[in-house]
Amino acid sequence: MTGQDSMRPDFKAQTVDPLLLDDLRQLVRMAIREDLDRFVDLTTAALVPKGGMGSAAIVSRVNGVAAGFSLLDAIIDEFDSSITVDVLVGDGQSFTPQTTLAILKGSIRDLLTCERTILNVLGRLCGIASWTNRFASLVAHTQARLYDTRKTTPGWRRLEKYAVRCGGGYNHRMGLYDAVLIKDNHLAANSDENGQPLDTFAAVEMARKYLETANVPNYQSVIVQIEIDSIDQLPAALKAAPNIILLDNMTLDQLRACVAMRNEIAPAVLLEASGGVNLQTIASIAETGVERISVGALTHSAVNLDLGLDWLRS
């Protein structure tokens with residue numbers, strides 16, 4: 001990271017913090033209730049004698065990027081099980097098919113009962129990290145950073161944003177509470193008597209005034225961003241000097257024009273491209289000179305990675 005990069009205003013990166021761990025534990029408790037209700041694993045109770053001990057390996061079936069393996073102990077703890085974990089891969093590390101990623105040892109009954117929940121959580125997070133890594137690799141030759149969005153699975157946001165970080169992406173705002181993002185519907189909802197939406201300059205000024213007068217904690221550091229979908233809106237938005245201007249669904253020529261105008265009028269304002277971003281278009285978008293590209297597909301379109309639990313001989 002260059003010195004200039006380190007000065008960019010940005011959102012907090014999601015780490016394995018107490019809030020994420022609390023989310024994880026609640027999700028695992030729901031998964032346990034789904035699988036066991038208030039009873040037992042009927043198949044395992046019927047076929048596996050009590051007291052048996054064994055070991056199994058979590059093995060990759062495909063190429064991927066690890067995410068969530070640092071959470072294995074917390075997942076298993078919710079099962080109140082007699083299992084120990086030896087993690088062999090670090091979150092963010094790439095792996096190939098048939099790689100042993102972790103080894104679980106303990107009660108055979110416990111291993112069989114918690115198998116699917118473990119693989120579901122790790123498969124989801126590794127899927128997002130691997131998918132994100134494909135996008136991130138395509139913009140590595142540019143200054144543009146890849147960002148996620150709020151298009152996440154309800155209840156999984158912190159976990160999914162952590163997986164994006166593991167895959168080489170960056171985190172956008174966590175929720176509605178930690179940043180201002182003025183979108184077209186906000187402008188339309190404040191139209192005048194003639195039906196004209198609120199001006200972008202006025203909208204940014206209103207947001208700043210609210211932050212200052214509404215006792216918002218550390219309001220000076222709250223990022224203010226505004227979305228525009230027309231170059232005609234850009235001069236007023238630049239005049240207001242928000243931290244970031246989101247350029248929604250613009251062509252490559254329009255993005256380049258916006259970058260040139262920004263460089264001339266307000267070089268400190270960051271530009272973020274969004275809309276129509278996929279594996280085929282992201283490199284060209286990054287090459288226009290925008291600093292940020294947000295991609296909802298990192299989370300809403302990622303496919304669970306294929307992981308398996310393979311029994312080990314004693």
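Is Lys 161 buried or exposed? At 0% relative accessibility, Lys 161 counts as buried (under 20% relative accessible area; exposed is over 50%, partly exposed in between; 1.4 Å probe, protein chains only).

1. Basis. This is a predicted model, in which local features need pLDDT of at least 70 and side-chain atom pairs count only at pLDDT 80 or more, while totals for chains, interfaces and linings use all residues. Residues are numbered from 1 along each chain as its sequence is written, and side-chain values use heavy atoms, without hydrogens and water.

2. Lys 161 and its partner. Lys 161 forms a salt bridge with Asp 148 (a side-chain nitrogen of Lys or Arg within 4 Å of a carboxyl oxygen of Asp or Glu). Their closest N and O atoms are 2.7 Å apart. Asp 148 is also buried, with a relative accessible area of 0%.

3. Asp 23 forms a salt bridge with Arg 158, with 3.0 Å between the closest N and O atoms. The pair joins distant parts of the chain: Asp 23 is in helix α2 and Arg 158 in helix α6, 135 residues apart. Asp 23 is buried, at 16% relative accessible area.

4. A pair within one helix. Asp 253 and Arg 256 meet in a salt bridge (2.7 Å, N to O). They are 3 residues apart in helix α10 (residues 252-265), so about one helical turn separates them. Asp 253 is exposed at 55% relative accessibility; Arg 256 is partly exposed at 41%.

5. Overall. The count comes to 13 salt bridges. Asp 10, Arg 145, Glu 272 and Arg 292 are linked in a salt-bridge network.

Note on methods
Helix = DSSP H or I, 4+ residues; strand = E, 2+ residues; numbered from the N terminus.
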